[in-house]
Amino acid sequence: MAPWPLPFAGLAVLFLSLVQTVRSYSDPEGCSGDCFTHDPSLVQRHDGTYFRFSTLDRIGIWTAEDLSGPWNRSGSVLPNGSVIDLPGNKELWAPDVSYYRGAYYLFYAVSTPGSQTSAIGYATSPTLEEGSWTDHGALITSNASTPYNAIDPNVVNGTAADEFFLTWGSYWGDIYQARATVDGSRILTSADERQIAYNPADQHQMEGAFVYRRDGWYYLFISVGDCCHYDPRPPSGHEYRITVCRSPSPGGPFVDRAGVSCTEGGGTTVLASHGDVYAPGGQGVFHDGAYGDVLYYHYLNNTIGVDYSQSQFGWNVIAWDEDGWPVV
Ligand SMILES: *[C@@H]1O[C@H](CO)[C@@H](O)[C@H](O)[C@H]1NC(C)=O
Ligand SMILES: *[C@@H]1O[C@H](CO)[C@@H](O)[C@H](O)[C@H]1NC(C)=O
Ligand SMILES: *[C@@H]1O[C@H](CO)[C@@H](O)[C@H](O)[C@H]1NC(C)=O
Ligand SMILES: *[C@@H]1O[C@H](CO)[C@@H](O)[C@H](O)[C@H]1NC(C)=O
Ligand SMILES: *[C@@H]1O[C@H](CO)[C@@H](O)[C@H](O)[C@H]1NC(C)=O
């Protein structure tokens with residue numbers, strides 16, 4: 001999720017056109033049933049059922065028996081909104097779901113477009129279904145005096161027992177991270193929060209971070225560019241796209257394929273607009289028993305339309321290249 005469209009500088013147009021090499025991408029795999037999503041989070045329950053969560057509707061829930069669908073709407077995570085007393089608490093953005101010792105943890109954001117008055121909260125459930133969630137309220141908050149915007153949460157296991165990393169951020173100082181631990185169903189974050197990615201250009205359009213561990217590397221996937229409102233469209237290349245940096249450590253430092261630090265504008269493009277696909281972002285990575293590693297995201301279909309309500313669920317199987325970088 002992101003603030004309203006903001007002006008951009010001509011320099012960045014030049015910069016983007018220089019770093020974006022021309023390449024082709026596979027079209028998304030199929031999706032049938034109800035395919036609306038924004039900032040999706042995907043998890044497979046132990047009985048095999050897939051759950052897909054989305055921004056808005058107090059975190060909408062969809063279920064399916066295969067990634068390709070049919071996807072059915074199945075209520076909301078917090079049908080009455082969040083207990084966090086901030087504007088936006090009846091909307092809720094950018095879910096991220098993890099399984100930890102018998103419970104599912106769903107992190108969400110409370111904010112309004114363009115505002116830094118935000119919070120990341122979390123809820124727990126044994127089953128993922130509507131009616132099973134307990135809201136635990138705020139974990140990270142931000143306001144005009146914080147260097148970041150507390151939205152777009154993501155968690156990944158750390159290397160030590162019971163350690164994990166919470167990553168978040170959008171615009172302003174972009175992507176931040178803190179170490180966290182779980183005590184019962186309560187989550188405690190450390191005070192060592194630090195910036196792990198930053199886009200120095202323009203309005204610092206960067207958000208939706210997702211860290212995925214594979215083969216000794218931690219891959220930091222990020223949504224870069226203008227999100228959400230494409231009427232009028234920004235200049236070509238300024239809309240959402242997905243980039244990646246990686247590190248041998250979950251806490252970074254993260255660099256892209258060319259060795260450029262993710263805190264200095266680095267990021268190798270994994271997926272950008274192509275054919276019918278416009279402005280892919282809000283991504284995550286999921287290991288599927290049948291398909292392998294899957295990159296999932298929302299995108300707009302140029303043929304259908306680019307209104308927010310027309311955001312579609314997309315997914316592609318990742319082919320890791322010989323150097324261990326993701327290709328779709
Ligand atoms: C979704 O709905 C279809 C059609 O009613 C049904 O066949 C399918 O089992 C449903 N899937 C889930 C996961 O409930
Ligand atoms: C939502 O609010 C209604 C009316 O106050 C209440 O009956 C219901 O139990 C609440 N649902 C949840 C999940 O808290
Ligand atoms: C993360 O760690 C928890 C606790 O040990 C475990 O339950 C969970 O399966 C781990 N998740 C992944 C993706 O490895
Ligand atoms: C702003 O957010 C910080 C970090 O959460 C908090 O310590 C501070 O009290 C907040 N300031 C205001 C004025 O709310
Ligand atoms: C876009 O929508 C058209 C019309 O529904 C459809 O034929 C096409 O397959 C879609 N493309 C993608 C990438 O979703």
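Biologist: What makes the approach of Asp 276 to ligand 5 a polar contact?

Modeller: In this predicted model, a polar side-chain atom of Asp 276 lies 3.1 Å from a nitrogen atom of ligand 5, and because a polar contact is a pair of N or O atoms within 3.5 Å, the pair qualifies. Residues are numbered from 1 along each chain as its sequence is written, while chains are lettered from A and ligands numbered from 1 in the order in which they are written. Local features need pLDDT of at least 70 and side-chain atom pairs pLDDT 80 or more, whereas totals for chains, interfaces and linings use all residues; side-chain values use heavy atoms, without hydrogens and water.

Biologist: How do you know that Tyr 299 and Asn 301 belong with ligand 5, and at what distances?

Modeller: A polar side-chain atom of Tyr 299 lies 2.7 Å from an oxygen atom of ligand 5, and an N or O atom in the side chain of Asn 301 is 2.3 Å from an oxygen atom of the ligand. The protein buries 53% of the 370 Å² that ligand 5 exposes when taken alone (accessible area by the Shrake-Rupley method with a 1.4 Å probe).

Biologist: Why is Asn 157 counted among the residues around ligand 3?

Modeller: A residue is near a molecule if one of its heavy atoms lies within 4 Å of it, and a polar side-chain atom of Asn 157 lies 2.4 Å from an oxygen atom of ligand 3, so Asn 157 meets that limit. The protein covers 46% of the 360 Å² of accessible area that ligand 3 has on its own. The surroundings of ligand 3 also include Tyr 99, Tyr 100, Arg 101 and Arg 213.

Biologist: What makes the largest cavity a cavity, and which residues are closest to its centre?

Modeller: On a 1 Å grid over the protein atoms alone, a cavity is a set of points where a 1.4 Å probe fits but cannot get out. The largest cavity has a volume of about 130 Å³, and of its 15 lining residues (an atom within 4 Å of a point), Pro 95, Pro 153, Gly 208, Gly 282 and Gln 283 are the closest to its centre.

Technical notes. 1 Å grid on protein atoms, 1.4 Å probe; cavity = no way out; pocket = protein on both sides within 12 Å on 5 of 7 lines; lining within 4 Å. Points joined across faces, edges and corners; volume = space filled by probe spheres on them. Polar contact = N/O pair within 3.5 Å; in protein donor to acceptor, adjacent residues only side chain to side chain.
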